[in-house]
Amino acid sequence: MSGRDIFFVVARAEDGTIAKEGQVPWQISHDLRRFKRLTMGTPMIMGRKTFDSLPGLLPGRRHIVLTRDPDWSAPGAEVAHTVEDALTLAGEGDISVIGGGEIFALFLPVATRIELTEVHERTGGDVLMPYPGPEWRETAQETYPAKDDWPAYTFVTLERGGGHA
C-alpha cells in the first residue's frame, strides 16, 4: 500500500461544525468545485448519513458507505461494516474520505492528508470535528473573502508530519 494517499475532504467552521441538521451548512461554489476536483476518480468513503445527504450519486466516483446496519443498502452504494472492509473495497490507489464526524475519527489513524476548508464563522452545528492535532503540518493555504452571502474561508492542506519538525 506504499504511496497510497488516504485523504479527508472536509469543510469545518471555527467552532468545529461540519454538519447542521443533517447537511453541510454551506454551499460555497468554489468549495464545491474543489470537492469535485479532489474526489473525482477516487473511491469516496463515507458514513450512511453523509451518503443520505448527497443530492444523488456523484458521477465519476465510487460511493463506499460504512455503516453498522447489516441490512442497509442503496442503489449505487458499496457497503462496508469496518474500516478494513472499506479499505479493501476501495482497492489500490488513492481514497477520499468525505465524512461524517464518526468516519473521520475512525480513519484519522490511517489518513495521510487533510484537505480542509476552514469556514470563518461559528456555525453552531450538531456534528463537530476537532481541529487535527500536532502530528499534522500545514503545507498550503489560500484565503478567500466573504462573497454571495457566504462567509470568508481558507483552503488548507495538512499532511501527516511523520515525526520530523
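The charged end of Arg34 sits over the ring of Phe155, at 4.3 Å from its centre, where a charge is taken to sit over a ring if NZ of Lys or CZ of Arg is within 6 Å of the ring centre and within 35 degrees of the ring normal. Arg113 likewise lies over the face of Phe7, 4.4 Å from the ring centre. The model is a predicted one, in which local features need pLDDT of at least 70 and side-chain atom pairs count only at pLDDT 80 or more, whereas totals for chains, interfaces and linings use all residues. Residues are numbered from 1 along each chain as its sequence is written, and side-chain values use heavy atoms, with hydrogens and water left out.

Helix H3 spans residues 83-90, and its residues Val83, Ala86, Leu87 and Ala90 are buried (under 20% relative accessible area, against over 50% for exposed and in between for partly exposed, with a 1.4 Å probe and protein chains only); helices (H or I, at least four residues) and strands (E, at least two) are DSSP runs, numbered from the N terminus. Seen down the axis of H3, these buried residues fall within an arc of 95°, so they line one face of the helix, the arc being that of the directions from the helix axis to the C-beta atoms. On the other side of H3, Glu84 and Thr88 are exposed, and just after the helix Gly91 takes a positive phi of about 75°.

The largest nonpolar core has 24 residues, and those with the most contacts inside it are Ile45, Val97 and Phe107; such a core is a set of buried Ala, Val, Leu, Ile, Met, Phe, Trp, Tyr and Cys residues joined through side-chain atoms within 4.5 Å. To this core H3 gives the most, with 4 residues. Leaving aside neighbours within four places in sequence, Phe107 is in contact with residues including Phe8, Ile45, Val83 and Leu87, contact meaning heavy atoms within 4.5 Å.

Among the aromatic pairs, Phe51 and Trp72 are arranged edge-to-face, at 5.6 Å centre to centre and with 85° between the planes; rings of Phe, Tyr and Trp (its six-membered ring) pair if their centres lie within 6.5 Å, and planes under 30 degrees apart count as stacked, over 60 as edge-to-face and the rest as tilted. The pair links distant parts of the chain, with Phe51 in helix H2 (residues 48-53) and Trp72 in the loop between E4 and E5, 21 residues apart. Phe51 counts as buried at 12% relative accessibility, and Trp72 is buried with a relative accessible area of 14%.
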